[in-house]
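Please take a moment to look over the sequence and the fold together before reading on.

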Amino acid sequence: MKRLDHDEVRLRVDAAPELLYDLVSDVPRTPEWSPEVISCRWLSAAGRAVPGARFSARNKKRWFTWSNRPLVQTADRGREFAITRTERGGGTIRWFYRFAPDAGGTMVTLGYQVLKPVPVGLHIILRAFFGVRDLETDLRLNMTASLDRVAEIAEREARAPAAPANP
């Protein structure tokens, strides 16, 4: 059984880095693109992405739901948004979005780095109860789906006419 280490996916998106950052750092919107996240809400008084802010995320895989409390690590508008997620029995993973200007659009990288290994027991549970034969492949498929959805949302928002300013 291969242990998780790190992985990332990339996609060029026709939207500005700042728009993409604003989208993914607005964590209550995460269920719009994530295949597993079903709700998010800020727990910190700031109520927005700043280093040290914490939020609650509720996830679902088939019939099983669980919650975790990620912590914002990096909140650098237009460049990087990163969180760490620690779960009992699930290790610690740093998730990140990175944004680089690219020919009138943005190259977006979505990835993770394992900081504390995911226990073998979790791999066994995922295989036995959820049909996840390879956690690395499952995460990569979810990251690809998430990034595709983020691109659709961001490109739609980038094309939307700007709201008129108040006189």
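The model shown here is a predicted one, and its protein chain has 167 residues, of which 43% count as buried. The secondary structure of the chain comes to 3 helices and 8 strands, and from the N terminus on these elements run in the order β-α-β-β-β-β-β-β-β-α-α. When contacts in the chain between residues at least 6 apart in sequence are considered, 54% of them join residues at least 24 apart. The accessible surface of the protein chain comes to about 9300 Å², and 52% of that surface belongs to carbon and sulfur atoms.

We turn now to the helices. Two packed helices are described by the angle between their axes and by the distance between those axes. Helix α1, which covers residues 17-25, packs with helix α3, residues 135-159, at an angle of about 125 degrees, and the axes of the two helices lie 10 Å apart. Because of that angle, α1 is oblique to α3, and the crossing of α1 and α3 is right-handed. On the side of α1 the contact is made by Leu 19, Leu 20, Leu 23 and Val 24, while α3 contributes Val 150, Ile 153, Ala 154, Glu 157 and Ala 158.

Next comes a residue in a strand. Leu 110 is found in strand β8, residues 105-116, and since its relative accessibility is 5%, under the 20% limit, Leu 110 counts as buried. Which residues is Leu 110 in contact with, leaving aside its neighbours within four places in sequence? They are Asp 7, Glu 8, Val 9, Phe 96, Tyr 97, Met 143, Ser 146 and Leu 147. For one of these, Met 143, the separation from Leu 110 is 33 residues in sequence, and 6.8 Å in space from C-alpha to C-alpha.

Terms used: Residues numbered from 1 in each chain as written. Predicted model: local features only at pLDDT ≥ 70, side-chain atom pairs only at ≥ 80, totals over all residues. Heavy atoms only, no water. Axes fitted to C-alpha atoms, helices over the stretch in contact; angles between N-to-C directions. Helix = DSSP H or I, 4+ residues; strand = E, 2+ residues; numbered from the N terminus. Parallel < 35°, antiparallel > 145°, perpendicular 65-115°, else oblique. Left-handed = near helix turned anticlockwise from the far one by under 90°. Contact = heavy atoms within 4.5 Å. Buried < 20%, exposed > 50% of the residue type's maximum accessible area, 1.4 Å probe, protein only. Areas by Shrake-Rupley, 256 points an atom, 1.4 Å probe, with all protein chains shown as cover.
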